[in-house]
Amino acid sequence: MGYALYGSKTSPFVRRIRMILQDIPYEFKEMNIFEGVDATTLNKINPVNQIPVLTDGDNTIWDSRVIFNYLNSLHRLQNFDWQDENLLTAIDGAMNAGVALLMLKRSGFNIQDSSMYIDRQKERIKSVLTYLKPLLTDEFKKQWNFHTISLYCFLDWANFREIINLSDYPEFKEFLKIHENKSIVIQTQIPKA
Ligand SMILES: N[C@@H](CCC(=O)N[C@@H](CS)C(=O)NCC(=O)O)C(=O)O
């Protein structure tokens, strides 16, 4: 039986789970969640209609953070305190805001226009990056765990989707540089086309 991970190669939420699963065998079920048979499959396994979804025998787990907690309970990957949970919530907040901006763009909205919803998403991303900046010590930058993996996946994706411009954030650019040649980072690279 074993693990199956449903997701796309572009989603930052999926990518962080693929990275966490680096040394754990699983089957990757790539899907196009917005149409056709994959959309129907996704709805059957997750009423929220979002990826990633992990299946493990009779267990089906939704939401990347919950998937991580599930894997962590079985494989003892990392210990968290409440401050760590806050840090993850901050990174998740930026990631959700980025995905919301991309969905707006794809729905035909001009995200350069100012509106309460658009401005709130952009401000959330800026605010999280401002919060994270002083935490990015040399020691933190070198760590490779669910926090730094999540940050890596967010920054790389948001830069790729032109949601942020990394030239505005040299310290985050440097953080990406430290990890960009890791084999799992290369294996899970966002497809360019
Ligand atoms: N909180 C969820 C968010 C997942 C998420 O937003 N996934 C996006 C892809 S990056 C998605 O499935 N979007 C489709 C939709 O929201 O309809 C998680 O951590 O797994």
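Trainee: What share of the residues in the protein is buried?

Mentor: Buried residues make up 29% of the 193. Buried means 20 or more other C-beta atoms within 10 Å of the residue's own; exposed means 12 or fewer, partly exposed is in between, and the C-beta atoms are placed from the backbone. This is a predicted model: local features need pLDDT of at least 70 and side-chain atom pairs pLDDT 80 or more, while totals for chains, interfaces and linings use all residues. Residues are numbered from 1 along each chain as its sequence is written.

Trainee: Why does Lys133 count as exposed?

Mentor: Lys133 has 11 C-beta neighbours inside 10 Å, so it counts as exposed. Its place is the loop between α5 and α6 (138-142). Helices (H or I, at least four residues) and strands (E, at least two) are DSSP runs numbered from the N terminus. Phe172 is 39 residues away along the chain, but the two C-alpha atoms are 7.9 Å apart.

Trainee: What makes Trp144 partly exposed?

Mentor: Trp144 counts as partly exposed because it has 15 C-beta neighbours inside 10 Å. Trp144 sits in the loop between α6 and α7. Leaving out residues up to four places away in sequence, Trp144 touches Ile149 and His179. A contact here means C-beta atoms, placed from the backbone, within 7 Å. His179 is 35 residues from Trp144 in sequence and 8.4 Å away, C-alpha to C-alpha.

Trainee: How do you know whether the protein agrees with a compact globule?

Mentor: For 193 residues, a compact globule would have a radius of gyration near 16 Å; the protein has 17 Å, so it agrees. The radius is taken over C-alpha atoms, and the rule is 2.2 Å times the number of residues to the power 0.38. Along the principal axes, the C-alpha atoms fill a box of roughly 45 × 40 × 35 Å. Among contacts with a separation of 6 or more, 64% join residues 24 or more positions apart.

Trainee: How many helices and strands are there?

Mentor: There are 9 helices and 4 strands. Along the sequence they read β-α-β-α-β-β-α-α-α-α-α-α-α.

Trainee: Which residues surround the ligand?

Mentor: Among them are Ser11, Phe13, Ile33, Asn49, Asp63, Arg65 and Val99. To be near it, a residue needs its C-beta atom, placed from the backbone, within 6 Å. The shell divides into 5 nonpolar, 4 polar and 2 charged residues. Ile51 and Pro52 also belong to it.

Trainee: What is the peptide bond from Ile51 to Pro52?

Mentor: It is cis, with omega near 5°. Pro52 lies in the loop between α2 (36-45) and β3. Most peptide bonds are trans.

Trainee: What is the phi of Arg76 and of Glu162?

Mentor: Arg76 has a positive phi of about 50°, though it is not a glycine. Glu162, also not a glycine, has a positive phi of about 60°. Arg76 is in the loop between α3 and α4, and Glu162 in the loop between α7 and α8.

Trainee: Why are Arg76 and Glu162 called exposed?

Mentor: Arg76 has 8 other C-beta atoms within 10 Å, so it is exposed. Glu162 has 11 C-beta neighbours inside 10 Å, so it counts as exposed.

Terms used
Ala, Val, Leu, Ile, Met, Phe, Trp, Tyr, Cys and Pro count as nonpolar, Asp, Glu, Lys and Arg as charged, and the others, Gly among them, as polar. Two residues are in contact if their C-beta atoms, placed from the backbone, lie within 7 Å.
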